[in-house]
Amino acid sequence: MARIRELDALRGFAVCGIMLVNTWQHVDPRPAEGARLMGFAEGRFYPIFAFLFGVSFALFLRAHDDRLIMLRRLAVLALFGVGHWWLTPGEVLLPYAIFGVVVLLPASYLPKWLNPVLGAVVVAWAIVQGSPWVLIGGLFLLGLACVDHGGPRPSLPFFLGSVVVLVAFTFWGVGGFPAALAGAAAYASGFLLLSPRVFEPLGRMALTNYVSSSFVIIAAGAGSFVSVVVVTAVTLVAQWAFSTWWLSNFRYGPLEWVWRCLTWMEVVPNRQTGAGDRRSAGTDPDRPRAEEEPGGRA
């Protein structure tokens with residue numbers, strides 16, 4: 001099963017938006033300058049991240065149909081989340097791990113037709129209740145269902161419809177979850193149609209980049225909209241350069257490698273060589289491989 005590079009790129013795009021929003025949210029007090037522009041970013045990127053988490057969960061189970069391994073993988077993520085929560089209360093790694101256990105693991109046993117229905121119902125319930133935590137569970141289910149029913153594919157009608165809803169919500173004064181979800185859908189669909197793979201290194205090292213950005217945000221202490229943009233841009237460029245260099249030598253980012261080693265309870269090979277990693281949910285189509293090695297082996 002080949003790695004889906006468009007999803008890596010989309011994840012990297014979401015990391016960029018999350019970095020911008022998190023930097024802005026650490027400004028206290030927040031200046032009026034730039035507030036309207038940030039309205040196009042706040043709440044738009046975490047839904048993409050949550051949906052992709054459900055997709056990644058399903059892809060991992062497709063390669064390794066062992067719920068105990070997945071449970072251990074989520075437990076390790078929770079450990080990362082506990083440390084990151086101490087640094088930035090309200091972060092998403094710990095809730096993602098918990099929801100992975102209480103939502104995705106049970107849902108993986110359900111009939112495939114049921115998960116998209118449950119996902120849609122839970123998302124609708126989240127919109128009515130205004131609950132971001134319920135929304136995470138619904139998007140996890142939709143991501144899981146997306147893989148179960150053929151995998152994520154960009155759709156022009158879906159993209160155009162999302163854009164129309166986004167514009168209507170923005171200019172008619174409708175906010176909250178409906179506007180955020182419409183924005184997330186429009187951004188994600190438009191991104192997949194364009195498929196700019198320049199974001200791919202950021203997405204393949206999303207855990208490393210997400211956690212390291214928190215240290216930068218706290219250390220930088222941005223106090224204006226301009227400084228928020230500068231700190232975000234400089235950090236993301238530096239992370240992109242580091243990720244690009246790192247992945248030219250290693251298969252997994254630093255934290256991704258630790259996560260994988262703890263999941264499998266052994267040291268996983270990380271150097272870029274001809275030998276494949278049988279534990280990977282997807283192969284890297286660009287890495288060097290021996291002539292006798294099949295290109296699509298998981």
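Colleague: In which segment does Met 265 lie, and is Met 265 buried or exposed?
Modeller: In this predicted model, Met 265 lies in the segment after α13 (254–264). Its relative accessibility is 61%, and because a residue over 50% is classed as exposed, Met 265 counts as exposed.

Colleague: What is the phi of Met 265?
Modeller: Most residues other than glycine have a negative phi. Met 265 is a residue other than glycine, yet its phi has a positive value, near 60°.

Colleague: Is the peptide bond from Asp 28 to Pro 29 cis or trans?
Modeller: Most peptide bonds are trans. Pro 29 lies in the loop between α1 (5–25) and α2 (35–38). The bond that leads from Asp 28 to Pro 29 has omega near 0°, and it is cis.

Colleague: How are the rings of Phe 49 and Tyr 96 arranged, stacked or tilted?
Modeller: The structure holds 15 aromatic pairs. In the pair of Phe 49 and Tyr 96 the ring centres are 6.3 Å apart and the planes stand at 40°.

Colleague: What is the angle at which α3 and helix α4 pack?
Modeller: Two packed helices are described by the angle between their axes and the distance between the axes. The axes of α3 and helix α4 (residues 67–87) are 10 Å apart, and α3 passes α4 in a right-handed crossing. The packing angle of α3 and α4 is about 145°.

Colleague: How many nonpolar residues does the contact of α3 with α4 have?
Modeller: From α3 the contact is made by Phe 53, Phe 57, Phe 60 and Leu 61, while α4 brings Arg 67, Ile 69, Met 70, Arg 73, Leu 74 and Leu 77. By class, the contact of α3 with α4 has two charged residues, no polar ones, and nonpolar residues numbering eight.

Colleague: Over the face of which residue does Arg 73 lie?
Modeller: Arg 73 is one of the α4 residues in the contact with α3. Arg 73 also lies over a ring face, at 4.1 Å from the ring centre, and that ring belongs to Trp 259.

Colleague: Which residues does Leu 71 touch, not counting residues up to four places away in sequence?
Modeller: Leu 71 lies in helix α4 and is partly exposed, with a relative accessible area of 36%. The C-alpha atoms of Leu 71 and Leu 105 are separated by 8.0 Å, although these residues are 34 residues apart along the chain. Beyond the sequence neighbours left out of the count, Leu 71 touches Val 101 and Leu 105.

Terms used. Residues are numbered from 1 along each chain as its sequence is written. This is a predicted model: local features need pLDDT of at least 70, side-chain atom pairs count only at pLDDT 80 or more; totals for chains, interfaces and linings use all residues. Side-chain values use heavy atoms; hydrogens and water are left out. Rings of Phe, Tyr and Trp (its six-membered ring) pair if their centres lie within 6.5 Å; planes under 30 degrees apart count as stacked, over 60 as edge-to-face and the rest as tilted. A charge sits over a ring if NZ of Lys or CZ of Arg is within 6 Å of the ring centre and within 35 degrees of the ring normal. Axes are lines fitted to C-alpha atoms, for helices over the stretch in contact, and angles run from 0 to 180 degrees between N-to-C directions. Helices (H or I, at least four residues) and strands (E, at least two) are DSSP runs, numbered from the N terminus. A crossing is left-handed if the near helix is turned anticlockwise from the far one by less than a right angle, and right-handed if clockwise. Contact means heavy atoms within 4.5 Å. Ala, Val, Leu, Ile, Met, Phe, Trp, Tyr, Cys and Pro count as nonpolar, Asp, Glu, Lys and Arg as charged, and the others, Gly among them, as polar. Buried means under 20% relative accessible area, exposed over 50%, partly exposed in between (1.4 Å probe, protein chains only).
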